[in-house]
Amino acid sequence: MPRFDAERAAEGWRRLRVVRFENVGMRYGLGSEVLHDVSFHLAPGSFHFLVGNSGAGKSSLLRLMYLGHRPSRGLISILGQDVTALPRSKLPPLRRRIGVVFQDFRLLDHLSVLDNVGLPLRVMGYPRDKIRTHAGELLKWVGLGERMHAPPSTLSGGEKQRVAIARAVITKPSLLLADEPTGNIDDRMGMRLMRLLQELNKMAVTVVVATHNEGLVARFEYPRLRVADGRLGPDPG
Amino acid sequence: MFARDPDVPLRRDTTSRFLPWLIGLMVYLAALLVAGAIALDGAADRWDRAITGTVTVQVPAASEAAEAGRRVEALLDLLRQTPGVAAATAVPPEGLAKLLEPWLGPGAASAGLPLPGLIDVRVEERSRIDFAALSAKLAEAVPGTAVDTHELWAGRIVALARSLQALAALIVGLVAGAAVAAVVLSARAGLSVHREAIELLHLIGAEDSYIAGQFGRQALDLALVGGFLGLFGALATLLFLSWMARGIGGSLLPELTLTAWQWAGLLALPLVAGAVAAVSAWLTVVRTLGRMT
């Protein structure tokens with residue numbers, strides 16, 4: 001009869017954490033800390049809201065999660081990899097498994113909507129016809145099949161947001177991070193975007209949505225991570 | 001060349017617009033210098049052969065033609081018996097007249113002027129003739145005979161030609177260095193201007209080499225455009241100079257006759273400029289991004 005190996009079980013449990021923060025602190029340059037002693041973990045396939053007032057530290061926390069910044073202290077594990085001291089050369093493969101919807105969309109205006117959505121696949125070296133097929137399908141999924149050749153500058157805020165979501169999910173990421181995805185659009189469009197994110201979550205994608213829109217959060221049953229003054233409060237979920 | 005815009009909007013970059021003109025000017029200068037060096041190389045070789053290959057013996061003029069003929073014949077006999085002399089030929093009176101024509105005008109030879117006789121001596125390759133001894137021997141036979149080995153003037157001209165070639169190589173090196181510096185500065189400016197796009201590419205998983213490749217290809221495109229413009233300008237200038245030189249008709253001017261390989265080298269200049277620009281831009285971006293945390 002096989003014996004129970006507690007250490008292996010614990011390791012397996014740790015690996016199940018898509019995101020793990022232990023006593024993390026963060027500062028920009030030589031400035032003072034903007035995040036203090038942040039500890040939490042996210043299970044695979046979960047959906048969390050990251051809430052808090054503007055300037056509370058939500059975007060900084062997301063930035064650590066999408067590997068846009070290194071912590072000044074503590075331990076961060078993303079998708080089973082300790083990223084605290086991960087060499088720079090090892091970051092790209094991990095980043096490809098994380099989808100990010102930026103608050104300001106970060107679309108490249110000199111490229112078409114289709115090329116913007118296909119950008120992550122292009123970076124990964126996919127052939128052009130495959131990129132066009134995937135990006136076209138995703139644009140139809142977000143309701144922008146008719147605008148795929150348009151430049152992003154001609155799109156409305158809601159349309160840009162949907163393009164950003166399509167770009168974030170084209171690599172089928174394990175973790176999707178959205179920074180104020182409803183910040184620049186009306187409530188109706190905001191609900192539509194949330195449904196899109198829910199659909200992705202049903203496909204086992206771990207989703208974190210940072211927002212200060214408490215009204216929107218109240219309409220869903222998902223757990224919340226509350227950030228205030230650079231500290232993470234208790235998880236009400 | 002790109003079928004579509006690169007991810008980093010480098011084509012709209014104002015910081016690199018000067019690059020094709022700069023590379024064009026550099027390729028233009030380099031092509032002229034290389035062509036000049038090739039022409040000088042041919043001329044220097046010809047002059048070099050003249051130093052070691054030929055000697056002129058000057059026979060003093062005689063009051064009577066028969067005496068002049070006897071002197072020349074005596075010296076020819078002596079020269080032909082000298083080991084290392086391949087051939088000795090007296091310059092005929094009409095040849096002498098042709099040599100003097102630029103200074104004394106046509107008909108100088110028939111004007112009754114006492115003209116010295118000249119003997120062209122061709123020396124065997126690798127022979128070591130003691131010209132001082134030969135000169136003494138000839139002067140003993142016909143007093144006043146002088147041997148001109150051309151060594152002094154030809155040696156100076158060859159030395160000048162070699163110095164000019166070295167100078168041309170140095171200038172081509174400096175031009176290449178300036179081109180590399182311009183590409184490096186342009187790449188650094190591009191990195192600064194497109195910081196946001198580069199950060200986005202990093203965040204969606206681009207490696208440094210992918211981003212550097214975009215800068216490298218852009219530098220290649222710009223350098224090729226400028227390089228071929230510069231080469232065409234240089235070829236037009238060389239054709240014009242050849243046409244001008246034909247008008248002068250001077251035998252001292254170096255001729256620009258290129259072998260197939262030399263033509264290929266000249267035509268490859270824009271490609272070399274493109275490759276140097278692409279590699280410089282690529283390395284600059286990889287090193288700069290590599291210093292980030």
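**Chain B and its interface with chain A**

Figure 1. Chain B has a radius of gyration of 31 Å, whereas a compact globule of 293 residues would have one near 19 Å (taken over C-alpha atoms; the globule rule is 2.2 Å times the number of residues to the power 0.38). The C-alpha trace of chain B spans about 100 × 40 × 25 Å along its principal axes. In this predicted model, local features need pLDDT of at least 70 and side-chain atom pairs count only at pLDDT 80 or more, while totals for chains, interfaces and linings use all residues. Residues are numbered from 1 along each chain as its sequence is written, chains are lettered from A in the order in which they are written, and side-chain values use heavy atoms, without hydrogens and water.

**Figure 2. Secondary structure of chain B.** Nine helices and four strands make up the chain (DSSP runs: helices H or I, at least four residues; strands E, at least two). Their order from the N terminus is α-β-α-β-α-β-α-β-α-α-α-α-α.

**Figure 3. Burial in chain B.** Of its 293 residues, 39% are buried (under 20% relative accessible area, 1.4 Å probe, protein chains only).

**Figure 4. Interface of chain A and chain B.** In contact (heavy atoms within 4.5 Å) are 21 residues of chain A and 25 residues of chain B. The two chains bury about 2,100 Å² between them, 56% of it on carbon and sulfur atoms (accessible area, 1.4 Å probe, lost on being put together, summed over both). Arg88(A), His110(A) and Arg122(A) supply 33% of the area that chain A buries against chain B, more than any other three residues.

Technical notes. Buried < 20%, exposed > 50% of the residue type's maximum accessible area, 1.4 Å probe, protein only.
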